[in-house]
Amino acid sequence: MSPSVLQRIASGEAAAVRECIDEYGALVWSLARRLSRTPSDAEDATQEIFLDIWRSASRFDATQGSDKVFIAMIARRRLIDRLRKTTNEPPMDPVEALETVAWSDPGTASEVSIEAEQATRALNELRPEQRQVLELGLLHGLSQSEIAARLGMPLGTVKSFMRRGLIKLREFLNVDAESVSERV
Amino acid sequence: MSEPGSQGQPDDATVDLLVKQVVEGLSPAEQRALDAWGSVAGRFTRDFERAAAALSLAAPIDAQLPPGLRARLEQGAADYVASLSPPAERQPGATPTPRQPVATAPRGSGSAGWGWLAAAACLLLAVLGWVRSPHTESPAVLAVAPPSASPPTAPTPEPTPPTPAQELAELAAKADTVKVVLAATKDPAAAGVSGNVVWDPATQKGFVRFEGLTPNDPAVHQYQLWVFDAARDKRYPVDGGVFNVPANASEVIIPIHAALTIHKPAAFAVTVEKPGGVVVSARDHVVALGAAS
């Protein structure tokens, strides 16, 4: 199997640094738009994220997950850090975002990545309200308090839904990873 | 919150912190509470981050990079690649080094705003114009190798690239560059430090010159340059790169590698950080500061 763009960056291949933008620009930009206060913030964040990606490429381990998950992890970490350090304004265009962004149909999620397919399968085992809480928090960048206010739900319930949802997903991903390991 | 249990499994309250960490981030106090779990928290953090990232991928990727942003990213890629050029082409230990994998930014450390800068403002009263000759650098100036005598086997020597000192002088001679005098802070490590900055907003290129900066062991700590951009949140200066000061260097000249576009340079600062630098400085050791007039 040919090395991924991240592995080529880690090995010092200059062309791969720019190819990384071509390959993952849309992914990073989509995440940045959803989890930034303003378009300007999203642009700054995208620049910072790519710098993080290039510098962190040597830490990418293909046996631990796909390159897309690695990049999404770096992007989310940076975006959440930026969100925390700014004011308590909601991310940009929240109403529009809530109407237009949702998780993919399970039938098409596998086209994105194996992990996305696993995530969608895990989501399908959650109750609708649990799924909605995760959606608001992870896709739209709302805090747990904001989710509670938006849904008219006690904060403790939001925390409980979040906890159960992520634990279930973690179990899904770990089980799949272990079954892959057993097959290798 | 309870202490880590013998089974190494966090309780519900700790899991709530782990969840909050990947959804919205933690306050410093919450982070400290989670850190008490050590490697257990680390393992769960990675798992939850991975789970959150996987869920993010399940949403449609619905936007293409704006052309302007793509151009800036491509410029950033070129700058990053340039920063990785073999060190043999430069004087050892002097050029900003490529950063190590993402340093963990301390959360919630940005509330000080301009306070740390204002605290040292009195030191900037000594701001004076400065003129630097390109021919006065000491032997320790950080630069590419000076021109050597024409080698006998090379009938047409290639043009020698300018030294950082020459480039700094050329920038300083331009009318539209920003020139800032750097002054030492009260940090013990700052004793005797002086310097200046030249920054060209048009080309986003600049240099910092220091005298009296204590040589550092890169395995222990590195210096990190920060650029305050008036067009950005003042709590978060732009990373200008990490650098080292070699032993016996009386003067160093450092090219500035700003991680982001600098729209309105307002001030420059140098901190002492862990090897590889940090994303957000705790500002425990600020050794030089200078504000643009």
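The questions and answers below concern this predicted model.

Reader: How many residues of chain A are in contact with chain B?

Author: The contact involves both chains, and chain B contributes 49 residues to it. On the side of chain A, the number of residues is 64.

Reader: Which helix supplies the largest share of the side of chain A that touches chain B?

Author: Several helices of chain A each supply at least two residues to this side, among them α2 (14-34), α3 (39-56) and α10 (155-183). The largest share amounts to 12 residues, and the helix that supplies it is α4(A).

Reader: How many residues on that side of chain A are nonpolar?

Author: Sorted by class, the side of chain A that touches chain B has 16 polar and 18 charged residues. The nonpolar residues there number 30.

Reader: Is α3(A) mostly covered or mostly uncovered?

Author: The helix α3(A) has 18 residues and reaches 25 Å from its first C-alpha to its last, close to the 26 Å expected. Of these 18 residues, 16 are buried, and α3(A) is thus mostly covered.

Reader: Why does B:L18 count as buried?

Author: B:L18 lies in helix α1 (residues 12-23) of chain B. A residue is buried if 20 or more other C-beta atoms lie within 10 Å of its own. B:L18 counts as buried because its C-beta neighbours inside 10 Å number 26.

Reader: What separates the C-alpha atoms of B:L18 and B:A41?

Author: Leaving aside residues up to four places away in sequence, B:L18 touches B:A41, as well as others including B:P10 and B:F48. B:L18 and B:A41 are 23 residues apart along the chain, yet the separation of their C-alpha atoms is 7.5 Å.

How values were computed: Residues numbered from 1 in each chain as written. Chains lettered and ligands numbered in written order. Predicted model: local features only at pLDDT ≥ 70, side-chain atom pairs only at ≥ 80, totals over all residues. Contact = placed C-beta atoms within 7 Å. Helix = DSSP H or I, 4+ residues; strand = E, 2+ residues; numbered from the N terminus. Nonpolar A, V, L, I, M, F, W, Y, C, P; charged D, E, K, R; others polar. Expected span 1.5 Å × (residues − 1). Buried ≥ 20, exposed ≤ 12 C-beta atoms within 10 Å, placed from the backbone.
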